[in-house]
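Please look over the sequence and the structure shown here before reading on.

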Amino acid sequence: MKSPTVLVTGATGTVGSALIPALQARGVTVRAMIRNPDRALPGVQNVVADLRDQASVAAALKGVDAAFLNSPSAPDAAALQIQFADSARDVGLNRLVLLSQYAARADSPVRFLRWHAEVEAHLQRLGLDHTVLRPNLYLQALLGFAGTIAQGWFAAPIADAAVSAIDTRDIADTAAVVLTGTGHTGQIYTLTGPRAVTHNQIAHALSVATGRDITFHDAPADQFTAALTGILPPWQLEGLVEDYAHYARGEAADVHTSVPDLTGRPARDISDFARDFAPAFRPA
Ligand SMILES: NC(=O)c1ccc[n+]([C@@H]2O[C@H](COP(=O)([O-])OP(=O)(O)OC[C@H]3O[C@@H](n4cnc5c(N)ncnc54)[C@H](OP(=O)(O)O)[C@@H]3O)[C@@H](O)[C@H]2O)c1
C-alpha cells in the first residue's frame, strides 16, 4: 500500500525539523515546504513555496493526504495562514493540523494569541477536517538566551511566575500522531510540559546540566525592550513583551496531559531539555 504523504510547512523551523523524522518513523512520505531551494532537506520530497505566493502553496498541496501548518509570527500571519487553509480546502485536502498557541483567544491582550484565534475560527467555518495544537512557551526559546546564559545569567520580565513550558520535540511527536491517526477531527489539544516551572527553576536545571552557575534575573519590561530594540522588529518585540506579561500573570501555568495521552509517554521535563541541550549553553 502507498504510504501517505504529509506536507510540512515551516520545515526548516523549530517544530518542523523535529516533525520530519517523527513522521518518517511512522512510515509517512514527507513533503517539506521550503522557501529557499538551497536549503533543500535530505531524505524528503522538497517543494519550494512561500505562504505569500498562493499559487506556489496550491501547487505544494496537490496530491498530499494531510498538511501541518506552522509559520512564524508576523503582522500578516493570520491572513497568510487563512489563505493557506483556503487553498487546502480548494484542493480537497483530507486533514489539516494547525500549530496555534496556548490560550489562543479572540479577546486576548496578547496579539499572538489573537491572530492564532482568528485562524482557528476560520478553520471552524471552513468545514475542513482539522485539528488544533496549542503549545505553551517553547523550552527551545531558551536557545535565544544562550549568549548570556553562557556567561552565567539570563533575564526576562516574568518574575517568579511558573509556566508549563514544552519541549518542541514533544510538539512534533504529538503532531505526528495527530497527522497519521484517527479520531482527532475538530479537537483542540493544549500541549504543555509535565509541570510548570519558574525561570529560577530553569536556571537551576541549566546549572545542573552544564556544571556552571547560571542565574535568572527578573527584568522590567522597559529594560527588556531596550535590550532587544534593533534586534527584533517592533511588532515582534511588542508581542513578546505582551507574551511575557501573560506568563507573569500566571496565565500559562496549567499542565495538560495531551502529550502523554497522545504519544503514550511522559512529556519531556526541563531537566531533559537542559541535559540534551547543555552544549548550547556552555561558552564557545
Ligand atoms: N516560541 C514559542 O515559545 C512559541 C510558543 C507557542 C507557539 N509558538 C508559535 O510557533 C510558531 C512558529 O514560531 P517560530 O518562531 O518557532 O518559527 P519556526 O517554526 O522555528 O520557523 C519558522 C519557519 O517558517 C518558515 N517561513 C517563514 N516565513 C515563511 C513564509 N513566508 N512562507 C513559508 N514559510 C515561511 C521558515 O522558513 P525559512 O527557513 O525559509 O526561513 C521556518 O521554517 C508561531 O506561530 C508561534 O506563535 C511559539
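Phe277 is partly exposed, with a relative accessible area of 21%, where buried means under 20% relative accessible area, exposed over 50%, and partly exposed in between (1.4 Å probe, protein chains only). This is a predicted model, in which local features need pLDDT of at least 70 and side-chain atom pairs count only at pLDDT 80 or more, while totals for chains, interfaces and linings use all residues. Residues are numbered from 1 along each chain as its sequence is written, and side-chain values use heavy atoms, with hydrogens and water left out.

Seven aromatic pairs are found in the structure; rings of Phe, Tyr and Trp (its six-membered ring) pair if their centres lie within 6.5 Å, and planes under 30 degrees apart count as stacked, over 60 as edge-to-face and the rest as tilted. One of them joins Phe145 and Phe154, whose ring centres are 6.1 Å apart and whose planes stand at 65 degrees, so that this pair is edge-to-face. Phe145 counts as buried at 17% relative accessibility, and Phe154 counts as buried at 1%. The pair formed by Phe273 and Phe277 is stacked, because the ring centres are 4.7 Å apart and the planes lie at 25 degrees. Both residues belong to helix H11 (residues 270-277), where they are four residues apart, about one turn of the helix; helices (H or I, at least four residues) and strands (E, at least two) are DSSP runs, numbered from the N terminus. An α-helix has 3.6 residues a turn, so residues three or four places apart point the same way. Phe273 is buried, with a relative accessible area of 0%. Elsewhere, ring pairs link Phe145, Phe154 and Phe216 into a cluster.

A further buried position is Thr192, with a relative accessible area of 0%, in the loop between strand S8 (188-191) and helix H7 (199-210). A polar atom of the Thr192 side chain lies 3.0 Å from the backbone nitrogen of His256. Not counting residues up to four places away in sequence, Thr192 touches residues including Tyr102, Asn136, Asp254, His256 and Ala267, contact meaning heavy atoms within 4.5 Å.

The ligand is surrounded by 24 residues, and the closest are Thr12, Thr14, Arg35, His116 and Tyr138; a residue is near a molecule if one of its heavy atoms lies within 4 Å of it. A polar side-chain atom of Thr14 lies 2.6 Å from an oxygen atom of the ligand, and a polar side-chain atom of Asp50 lies 2.9 Å from a ligand nitrogen atom. Taken alone, the ligand exposes 920 Å², of which the protein buries 81%, with accessible areas coming from the Shrake-Rupley method with a 1.4 Å probe. His116, one of the closest residues, lies in helix H4 (residues 111-126) and is buried, with a relative accessible area of 6%. Leaving aside neighbours within four places in sequence, His116 is in contact with Leu99, Ser100, Gln101 and Ala104.

Helix H1 (residues 14-24) has as its buried residues Val15, Gly16, Ala18, Leu19, Ile20, Ala22 and Leu23. These buried residues pack against strand S1 (5-8), strand S2 (29-34), strand S4 (66-69), strand S5 (95-99) and helix H6 (168-180).

Notes: A polar contact is a pair of N or O atoms within 3.5 Å; within protein, one must be able to donate a hydrogen and the other to accept it, and residues adjacent in sequence count only if both atoms are side-chain atoms.
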